[in-house]
Each structure stands twice: as C-alpha cells, then as structure tokens.
Amino acid sequence: MSDIVIQAENLGKKYVLAHQAASGGYVALRDELTRGARTLWRKTRNLARDGSSASGGTREEFWALKDVSFEIRRGEAVGIIGRNGAGKSTLLKVLSRITEPSAGRVTIRGRVASLLEVGTGFHPELTGRENVFLNGAVMGMTRAEIRRKFDEIVAFAEVEKFLDTPVKRYSSGMYVRLAFAVAAHLEPEILVVDEVLAVGDAAFQQKCLGKMGAVATAGRTVLFVSHNMAAIKRLCSRGILFTSGRLQMIGATADVVGCYLSEGANGAEQVAFERRPGAVAQYRSAGVADHTGTFAGHVADDREFTIRFEIEVSETVSDIYFGMILQNTEGINVLFADSRDTENSLPGRIPPGKYRMSLSIPPVLSPGRYDVVSLGIATTHPVLVLDFRETACSFEVVNHSNTQRTAARPGVLNLHLPWELSG
Amino acid sequence: MSIPGVPDPAAARSPAEFVLVLEPGRADKNYWLDLWRYRELFLILAWRDLAVRYKQTAIGVVWAILRPLLTMAVFTVIFSRVAKLPSDGDTPYALLVFAAMLPWSLFSMSLSEAANSLINSANLISKVYFPRLIVPAAAVVTAFADFLVSFAILAALMAYYRFVPGWNLLFLPAFIFLALLASLGPGLWITALNVKYRDFRYVIPFVVQFGLYVSPVGFSSSVIPQRWRLLYSVNPMVGVIDGFRWCILGGASRISWPGFTLSLLVVAFFLWLGISRFRKLEKSFADII
C-alpha cells in the first residue's frame with residue numbers, strides 16, 4: 001500500500017476561449033451556423049486565392065494549469081495558495097473530477113469529497129432535515145452514514161428548532177451553518193476544500209477550522225485553498241504556491257506563505273482595471289503609496305499612508321460618491337470609507353476627464369496583510385451604481401514601531417495609547 | 001420523512017483501496033460501474049424532484065388527474081363525434097383515447113423533464129462530480145409518478161365502462177419501459193445539446209405538440225391505410241401506443257408486427273444516439289454550463 005495518495009504528473013487543463021462579440025458563455029446554434037457558413041466561405045476563398053486553407057476562427061487556447069506535478073502523502077494537510085486566476089480552483093475541479101484534465105495524469109488513492117461551495121444542491125423549498133439528506137448524498141455520503149450522523153450534524157449547525165422549516169425561511173447564517181455542518185461531517189479519505197470559510201460568522205469559522213484540523217489529524221488528507229494565510233498556517237503542514245497556472249513552489253507552509261507575500265510586495269503595487277466601455281464613471285487603477293508618496297506593497301505601521309485611485313469620468317455627473325472597504329486576511333472588514341463621511345470633500349459636479357483621488361489612512365492598522373475590496377462609485381440622485389470592483393489591490397502593514405514586543409501584536413487596531421497611573 | 005427506501009448501500013462501497021486515475025479520455029472506463037455506484041444519488045435526486053413538484057402546488061395531484069381527463073374528453077368529442085373515426089371493435093372511444101394518452105403523456109412529460117434537467121441542475125454540475133446521466137434519468141421519474149396517477153384514473157374509467165382487461169395486461173410493464181426508453185433517447189440528446197446551445201429548449205414544446213397529432217392518440221392506428229402503416233411506424237410512439245392498447249383493451253386492438261419491430265428499432269437507435277452523444281458532450285458540461 002503506497003503512502004502517496006495524490007500524485008499529479010504534468011497535469012494540464014486547457015480552455016479554448018472563443019473570441020466572439022458578446023459571447024455569454026454558451027452559444028446559440030443560430031450563431032454557430034452563421035459562423036460556420038462564414039468560416040467555410042473564408043476558407044474556400046483563401047483556398048482559391050493562394051491554395052492554403054488557413055483557419056478563420058479566432059480561438060485562443062488558455063492553459064489554466066500547465067505542467068503541474070506534485071505528490072501528497074496520506075494524512076497531510078496541504079494549503080494551496082496563489083492569486084485569483086492562478087489555477088487553484090481549476091486544480092480542485094480536476095481533482096474532484098468535475099472537469100477532465102487536458103494533459104498529464106493524476107492518480108488518487110481513496111475516496112475524494114470536494115467542498116467547492118457550501119450547500120451545493122440545497123433546495124430552498126425543502127426543509128432543513130430533507131436538505132441534510134440531499135446535500136449529504138450530493139457530497140457522496142450514503143444514507144446510512146447520514147442517518148448515523150444526523151443528530152451530530154444538527155447539533156453542530158445549531159438549528160434543531162427549525163429542522164422542519166423550508167430552508168428558504170432560514171436566515172443566511174442558519175443556512176450556512178447547516179450547509180457547513182453537513183460538509184464538516186464528511187469522512188472521506190481525501191477532503192478537498194475551496195475557499196468556503198469566508199462565509200459565516202467568526203465564531204463559526206473557528207469551529208469549522210477546528211473540525212477540519214481534527215479531520216487532518218485523524219489521518220485523512222486535506223487539500224485546502226484559501227486566501228486566509230493565518231488559517232493556512234494553522235491548518236496545513238505543507239503549502240503549494242501557484243502562479244498563472246504553474247506550480248511555483250512547494251514546501252513547508254511558512255516558506256511558501258512567505259514567498260507568496262513577498263511576491264505581492266514586489267509585484268502589483270498598483271492595480272490597473274480593465275476599462276468598461278460606456279461606464280459614466282469608473283476606476284482605472286488603485287494602489288497604495290507609503291508616507292513618502294511612492295507606490296509600495298508595504299507601508300510602515302506608524303506612518304500615515306494613502307490609497308490612490310485613478311478615475312475616469314466620461315459624462316458630467318453630479319451627486320457622486322465613492323466607497324471602499326479594507327479587509328484583513330481573516331475576511332473581516334476592518335474599515336469602510338465613504339466619501340460622504342466628510343462634507344464638501346468632493347465637488348457637486350464632476351465634468352468628464354481623468355482624475356486622481358487619494359484617501360489618507362492614519363497609522364491605526366496593526367501589522368498584517370490587507371485587501372482593498374468593494375470599490376464603488378454611485379450617485380445619490382438617482383440612486384445608481386456607476387462602477388463596482390470587487391477586488392483591487394492589497395498591501396502589507398509592516399511592524400516598524402513595536403520594538404518592545406517580539407511576538408506579533410494582537411488586535412486589529414494598532415493604537416499607541418497613553419497610560420495614566422494615579423494613586 | 002419520505003425518502004424512498006433502498007437497501008443499505010454501505011456494503012457496496014468497500015473501504016478498500018479505491019484507486020482513481022484521471023487523465024484525458026480516461027473517464028470512459030468504468031462508466032457503467034460508476035453509474036451503479038451512484039444509484040443512491042439517483043434515488044435522492046428523483047425524490048427531490050418529486051417532493052419539490054408537489055410542495056408548492058395548491059391542488060398538487062389534482063393537476064395530474066384533470067389534465068388527462070380534459071384532454072380525453074376533447075379528443076373523444078372531436079375524433080369520435082366530429083370526425084366520426086371508428087374505434088377498435090366495440091371498445092368505448094373514451095377508453096381508446098385514454099389508453100393511448102397514458103403512454104403519450106408519459107413520453108412527452110419525461111422528454112421535457114429530461115431535456116431541461118441538466119440546465120436546471122447547473123449548480124450541481126459545476127460543483128460536484130457524479131455521472132451526469134443520473135440527472136436526466138432522475139427527471140424521468142417525476143413523469144412516471146404522474147403516469148401512476150393517470151393509471152389510477154384509467155382503472156376508474158374501465159370500472160365505469162365495465163370493461164374487463166384480459167391476460168394481455170401482464171405485458172404492460174414492458175411497454176411502460178419501452179415508453180420511458182423512447183423518451184430517454186431523444187431526451188438525453190437534447191439535454192446535452194441544450195447545455196451548449198440554449199435554443200434546443202424550444203425544440204421540446206414543438207416535438208410534443210407536433211407528436212400528439214402524428215401519433216395515434218386521438219384515433220386508432222387502424223385508420224391509417226395499410227400501405228402507409230409501415231412508414232407510420234417510424235414514429236416510435238406508434239409501436240408503444242399500439243402496445244398499450246393491446247395490453248389494456250385486448251384483442252380488438254392489434255399490434256402490426258412489422259410496424260412494431262420498426263418502432264422498436266427506432267427507439268433503440270435514438271437511445272444509442274442519445275447515450276453516445278450525451279457521453280461525448282458530458283466531459284465538457286462543467287466547463288460550459
């Protein structure tokens with residue numbers, strides 16, 4: 001019996017991107033037929049002209065994964081990290097058999113349960129009880145298994161009272177708890193988990209992490225994708241770093257996480273956004289500048305810094321406002337900034353043009369990594385969202401001031417407050 | 001709770017080493033074994049479709065009763081009274097129509113359920129692995145439940161007309177199975193195409209509406225001139241409907257064997273076509289759905 005449970009050899013997954021105007025994922029047969037006719041015409045014309053039949057299609061191959069090889073042993077907990085679009089989710093999809101690899105091969109020993117989403121297959125009309133059975137079966141549990149663990153699942157989810165209520169009447173918290181409880185009680189030999197811990201409240205997240213840790217120590221193999229470096233460090237003994245579809249590094253978690261973070265510090269300090277044609281006002285870039293005013297991936301924790309944006313306005317707009325959220329690696333919204341917070345900070349009307357905007361952040365953030373997320377532009381009259389970017393740039397606040405402590409300073413806020421003693 | 005009873009499947013999934021190799025084109029091996037392994041999911045999905053179907057309807061089962069009864073009444077009046085078409089022997093015309101509507105609605109319902117099934121389960125397909133064939137197959141079960149309701153109506157109608165079925169009735173399950181296979185073939189094909197080309201969903205209402213008139217539902221297939229009978233049987237439902245009438249109404253409704261064989265061949269062809277097309281496209285479902 002081999003100790004290697006997952007062995008990937010030169011694994012690759014190719015997608016073909018068809019560059020057509022307004023192609024919304026799937027195609028209409030009508031379009032395909034007209035395109036076919038057009039291609040045929042072009043081919044025959046080319047053939048008649050110079051005897052060569054060049055392909056007229058505008059298809060482009062895109063390797064979401066390429067030449068990926070690794071081995072994972074029984075009982076290992078492996079964290080998979082990388083930027084969005086680096087191939088992490090594609091790897092999980094291949095491992096959980098949702099999609100077939102286009103090259104290479106993977107050998108898997110043992111039953112795989114994949115948790116790419118909580119509550120897959122949940123049906124809103126069905127009751128909590130019925131959904132536990134449905135979801136369990138979808139995840140690969142047998143009915144006998146679900147029945148055996150049913151009470152445990154319900155207790156874990158804390159929804160005893162609402163078992164016979166359709167889940168469409170559940171609060172979102174209850175829904176997520178129930179869904180996760182089912183997933184947490186899967187007992188496959190290999191558990192594959194995508195970023196699903198971003199849901200639910202912090203206490204429940206901790207509970208889930210604990211449960212997953214228990215799975216890993218029970219001799220099962222866990223593959224865990226997350227942007228939460230703290231969770232990865234806590235849960236995983238090894239890490240795999242992906243960069244644009246290729247495996248960049250594999251090794252001890254701390255090293256791999258370190259590599260990922262430093263890469264972020266050198267890499268994209270300023271993120272440019274794709275231009276949205278037709279948008280009245282939109283973000284074109286976002287970046288973080290340190291106290292000296294230069295764009296940087298990291299800022300000192302005792303200096304003020306700025307988040308800078310480039311805005312493009314194509315028509316005169318009035319009553320416009322901006323907003324953004326600063327999120328830490330645990331997914332907690334640390335700060336929400338809204339341009340309406342300070343009166344008259346922006347002109348009432350903004351004529352077309354390109355603008356630079358900056359937002360000063362006082363030195364209150366404790367060391368760690370932060371993401372600038374949920375960038376929005378909206379108008380108040382009428383209420384209209386003009387632009388929304390889910391993710392923008394990220395940066396690291398580095399420890400610069402705290403010379404007294406060697407261990408990381410706990411807490412989200414980093415305020416150096418005066419202490420007073422009176423007697 | 002109304003989860004269908006199944007034998008304990010834990011025994012089937014042995015904890016022994018289960019080695020899986022994933023590589024391009026590999027999914028073809030163990031296809032049917034995999035399907036068997038996932039039979040429990042099939043039952044659960046079928047049960048879900050049924051449960052959901054009757055959960056938010058005010059009169060639930062009554063629809064399954066009203067629809068065939070009203071259609072039967074209209075067809076009887078039009079084809080028997082207005083068009084003056086003959087029945088088979090002295091069989092009451094209403095029974096003649098109803099015996100044909102049973103397989104026809106089973107066919108049309110399961111065809112439409114199967115054809116839309118993959119799209120309706122898009123969220124499952126992109127997030128979990130299971131043999132995709134389960135989804136359309138489970139959808140067909142819903143149609144079968146409606147069929148059972150209609151069958152009870154038929155029993156009531158036969159009692160009303162004091163019509164006693166003969167030994168032929170024993171063969172009915174075979175024809176029910178045939179009707180399901182006849183719908184599964186095209187159903188699989190269309191549902192697979194539907195994933196890529198969404199305009200195939202418009203094909204179904206057309207097939208169902210058109211098929212109702214080119215199948216011998218409102219009339220006996222014996223009104224078709226003898227020389228056209230064989231050609232007529234290219235429609236696979238001709239064989240199925242004739243079979244149903246033969247089972248339920250007995251001797252007066254005859255099966256024309258050359259035609260029936262042809263219908264069988266057409267069913268088999270479509271089933272083969274459906275399954276092979278489905279399996280070919282199946283691999284890309286998760287990527288394009």
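## A first look at chains A and B

Helix α6 of chain B, residues 134–160, has 27 residues, so at 1.5 Å a residue it should span 39 Å, and the 40 Å between its end C-alpha atoms agrees with that. Please keep in mind that this is a predicted model. Just after α6(B), B:R162 takes a positive phi of about 50°.

**How helices pack**

Helix α6(B) has a packing partner in α4(B): their axes are 7 Å apart and the angle is about 165°. Because angles over 145 degrees count as roughly antiparallel, α4(B) is roughly antiparallel to α6(B). Their crossing is right-handed.

Helix α3 of chain A covers residues 128–138 and helix α5 of chain A covers residues 172–184; they pack with axes 10 Å apart, at an angle of about 40°. That angle makes α3(A) and α5(A) oblique to each other. On the α3(A) side, the contact is made by A:G128, A:V132, A:N135 and A:G136, while α5(A) brings A:L178, A:A179 and A:V182. The crossing of α3(A) and α5(A) is right-handed.

Here are the two pairs side by side:

| Helix pair | Angle | Distance between axes |
|---|---|---|
| α3(A) and α5(A) | about 40° | 10 Å |
| α4(B) and α6(B) | about 165° | 7 Å |

**The nonpolar cores**

Which residues have the most contacts inside the largest nonpolar core? They are A:F224 and B:A99, in a core of 147 residues. Helix α4 of chain B, residues 93–120, gives the most to this core, with 17 residues. Setting aside neighbours within four places in sequence, B:A99 is in contact with B:L154, B:F244, B:R245, B:I248 and B:L249.

There is also a second, separate core, with 22 residues. Among its members are A:F309, A:L365, A:Y370 and A:A378.

**Chain A as a whole**

Chain A has 423 residues, and 34% of them count as buried. How far apart in sequence are the residues that meet in chain A? Among contacts between residues at least 6 apart in sequence, 70% join residues at least 24 apart.

Notes. Residues numbered from 1 in each chain as written. Chains lettered and ligands numbered in written order. Predicted model: local features only at pLDDT ≥ 70, side-chain atom pairs only at ≥ 80, totals over all residues. Helix = DSSP H or I, 4+ residues; strand = E, 2+ residues; numbered from the N terminus. Expected span 1.5 Å × (residues − 1). Buried ≥ 20, exposed ≤ 12 C-beta atoms within 10 Å, placed from the backbone. Contact = placed C-beta atoms within 7 Å. Core = buried A, V, L, I, M, F, W, Y, C linked by C-beta atoms within 7 Å. Axes fitted to C-alpha atoms, helices over the stretch in contact; angles between N-to-C directions. Parallel < 35°, antiparallel > 145°, perpendicular 65-115°, else oblique. Left-handed = near helix turned anticlockwise from the far one by under 90°.
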